[in-house]
Structures are given as structure tokens and as C-alpha cells.
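Let's take a walk through this structure together, one piece at a time.

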Amino acid sequence: MRDEKRVKYSTFFSSLAGSLFSPFLTLYALSLGASNFQIGLISSLTSIVSIIAQLIGTSIAESVKRKILLYIIIDSIGYLFFIPISLVNNPNHLLILISLQTFFFSFPLQVWNELLVIIFPKWRRGREIGLINKIGSLGSLIAYVVAGYTIRKFGFIPYLFYTAICSGLLSDIVLLGMKEKTYNTKEVLSSFKETFSFKILKESEFRNLILIISAFNFSVSVGAPMFSVYLIKNLNADSIQLSLVSIISLIVTLVFSEAWGFVIDFLGRRKVILASLPLISLYPLFYVFSAKMSEIYFFTIIGQLGWVAFNLAMFSYLSDISEDSISKKFMFFNVFSSISSSLGSFLSGILAEKIGVASVLIISFWMRLFSSFFFFKLGEKKGYTPRGLFSFLSPYTLSSYVESFISVYSMVFKEARKTIMDKISKKLEEIFKK
């Protein structure tokens, strides 16, 4: 089996495993009696644990020859934590177990990111990562349907968690036999010193990205933990309705991932990132002004369209500026992202207790909108570049941005339609040939 196929199979089974539980974590915690503060704390603490795990994991991974084997072993241990999680009956115990599981899932994360960058060449990386995203979404879609129905009919039964374990272990097993890149063995202590030296932050392009993404992630995380809480407490959403929100997100990802990948490779990463930000910024506001779940379903389509574009373009952008030091740059990116997300989630829980969930979502909207302007400082600038402190508010820049926004979404809708029609025509050809 080719390495690219192994990665795609692994992505499918991993998404299937994770999506049997992770979208319903808030519902599970609330069923155990968790408060809004504890919901925010779960998100915050797991982010902190993820930071620690990646710092340690990246350093150790740099010191071993068989990185993929390390990934398989540590990731498999993470899936086994679903056993005690299925038996927990206290939100504080759940917090501890989820944090431990996060440690094992985050520990080898940069091995996976490095694997994707090495396997897929730059010229088609956007499309391939888009396809990976699509495959993962398919696995998640199946999991959401199964889990949503199961939880509504039977509750959080152990079999749900055991299925997640089997699928997760299978995602690691298919990676056995992959060709390992040759590395020179280093002392672990030396690798630790190199990791914590922060020399890599001297590169201005990478440093700017870290500052920008940290501000944006903080803004996003102020509202993110409260989305499910708002649906459960304000709109009385049950497991089926929560599952349907996730299913809609996945369908959008399935339909548009490949198209976004093409647009990213064709137009550039920065242009797509900027086009995605208005939809992401408005997402919390959509929730606040939605009076029924049908409106939430519609706004989920809009918000997810932005997130698919942002995540794919950001991964491609980071890959492009990290080819000289893949693991370390991805590690620093994730560490600073996690720190800002952790602080935002912690603040989210505190604010929700004091001023209510809806107010927190409105605050997150304004913070997202403000931090979005920082992305204009990213690279890949072409043609005329306005200068000055508020250059992004100049008439030229604004008109150019609106024009770019329209052209980007026109292209992605056209490409998505073409991709879907091509697949339908191929299926029809196969049917008639038979």
C-alpha cells in the first residue's frame, strides 16, 4: 500500500473514532452536572496540556529514528483512555481523564504534520490537504449520525466508546510499514535545549504569523466553548440536533474541501485566509440572533464555509514557510495557538457565569472582527501595498478586498460544482458501461 493511501485510510478511521464522542463532550459534561465554568475549564485545561505535550513530544521525536512508530504507540494509548472516560460519573474526574487523553493525542502531533508536509509536494499540497479534510469529514459524518442516534436512544453507553477505541487503533495500525525518513540520532537533552531556545522566532515572517494567530485564537476561544451550551440551554437542543449541526458542518467540508484546495493553490494562501475571516467573525452573532434550530442550521453552512477555507489555507501557508524546520515551526505554532485558546476558554467560562452565554458570544464577535485586520500583515502581498498604521482601511484596500472576496467565493462555488458534476458523470459512465 502506498504511503499516501495509508495516510488517507488513517485519517478516515481517526476521524470516525474522535467524532463518536468529541462533538458531544459538552453534552456529556452537562449530563454529569458540569457548570458553565467547568465547561470553559475543560477547554482551557486541555489546551494547556496540549502545549506541554507538544513541547515534550516534539523534542523527543527529534531524538528518535522511528518517528512514525512513536506516533502509533503514543496515539494508541490515547484511544485506550476512552475506557475510563466511559465509566466516569463526576465532571472533575472527566476533566482529569480528558486532559490525560489530550496529552497522549498531542504528544506525537507534529510527527503527523511533518508526515503530511513531506508526502505532499508544495504545488499540489492545498488540493491534497483538501482531500484529506474531505476523507476525515466522511468518517466524522458517519460517526455523528451513529452517535447522535445512539445517545438520544440509549444515552452514553460503553459500546459507543469501545467502537471509538477500535476505530482509533485501526487508524494507527494502517500506518505500520510506512517508510521512515532517515534522521541522525541526537541526544534528547540537546533536542530539548534547541526546542526551548526560541531561535526560530527570530524569523520575522514566522513571528508575525505567531502573533496574529495568537490574537485571533484568543478571540475565537472566548466564544467557542459556549456554542453548544447556548444551543442546549437557550434553544433546548438534544443530541440529535447537536449531531445535525455537526453533520451540516461536515457536509459543507465534504462538498467544498477539494474546491478550496484548488483555489488555495491557484490564488494563494493569504487571499483565501482574508476571504474566510468575515464568515468566521460573524458566526457568534448568527447564534445570538437565531430563535430556532432551523436558523442555526442555515448559519452553520455559512460559518463552516469560512472555517474550511481558513484551516486549509493556514495549514498550507504554515507549510510553505516551515519546510526548513517543519516539526519545530508547527510545534511553536500549535503551542502559541493553544496558549491563546486556553486563556480565551478560561475567560469564556468566567464571563458566562457573570454576564450570560449570549453576552459572551457578542464579545467574541467584536474580538474576532478586530483581530481579523491583523491578517492583512501576512506575506504573499502582490501589486500596490498601502502603507500606514490603518492602511487596511484605505479606500483602495477596501474596494480591492471586496472585489477579492467576491472573486474567491465565485471561484470556489464554480470549482465545487465542477467537482461534483465530474464525479456524477464518472459514476453514470461506469453504470452505463456495465
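Residues are numbered from 1 along each chain as its sequence is written, and side-chain values use heavy atoms, with hydrogens and water left out.

Now the overall picture. The protein chain has 18 helices and zero strands; these are DSSP runs (H or I, at least four residues, for helices; E, at least two, for strands), numbered from the N terminus. Of its 434 residues, 57% count as buried, meaning under 20% relative accessible area, with exposed being over 50% and partly exposed in between (1.4 Å probe, protein chains only). Contact here means heavy atoms within 4.5 Å. Take the contacts between residues at least 6 apart in sequence, and 87% of them join residues at least 24 apart.

Start with helix α1, residues 3–19. Its axis is 11 Å from that of helix α7 (residues 109–119), and the two pack at an angle of about 140°. Axes are lines fitted to C-alpha atoms, for helices over the stretch in contact, and angles run from 0 to 180 degrees between N-to-C directions. That angle makes α1 oblique to α7; under 35 degrees counts as roughly parallel, over 145 as roughly antiparallel, 65 to 115 as roughly perpendicular and the rest as oblique. The crossing of α1 and α7 is left-handed. On the α1 side, the contact is made by Asp 3, Glu 4, Val 7, Ser 10 and Thr 11, and on the α7 side by Trp 112, Leu 115, Leu 116 and Ile 119. Sorted by class, that gives five nonpolar, two polar and two charged residues. Ala, Val, Leu, Ile, Met, Phe, Trp, Tyr, Cys and Pro count as nonpolar, Asp, Glu, Lys and Arg as charged, and the others, Gly among them, as polar.

Stay in α1 for Ser 19. Is Ser 19 buried or exposed? Ser 19 is buried, with a relative accessible area of 5%. Leaving out residues up to four places away in sequence, Ser 19 touches Phe 24, Ser 140, Ala 143 and Tyr 144. Its C-alpha atom is also 8.3 Å from that of Ala 164, which lies 145 residues away along the chain.

Next, look at helix α4 (residues 67–80) and helix α6 (residues 91–106), which pack at about 160° with axes 7 Å apart. So α4 is roughly antiparallel to α6, and their crossing is left-handed. Here Ile 74, Asp 75, Ile 77, Gly 78 and Tyr 79 of α4 meet Gln 101, Phe 104 and Phe 105 of α6.

Another serine to find is Ser 221, in helix α11 (residues 204–223). Ser 221 is buried, at 8% relative accessible area. Beyond its neighbours within four places in sequence, Ser 221 is in contact with Ser 341, Gly 344, Ser 345 and Ser 348.

Finally, how far can you trust it all? The chain averages a pLDDT of 80, pLDDT being the predictor's confidence in each residue, from 0 to 100. Confidence is lowest in helix α10 (residues 188–195), at a mean of 48, and highest in helix α17 (residues 357–372), at 91. Where pLDDT is low, the predicted coordinates should not be read in detail.

Conventions: This is a predicted model: local features need pLDDT of at least 70, side-chain atom pairs count only at pLDDT 80 or more; totals for chains, interfaces and linings use all residues. A crossing is left-handed if the near helix is turned anticlockwise from the far one by less than a right angle, and right-handed if clockwise.
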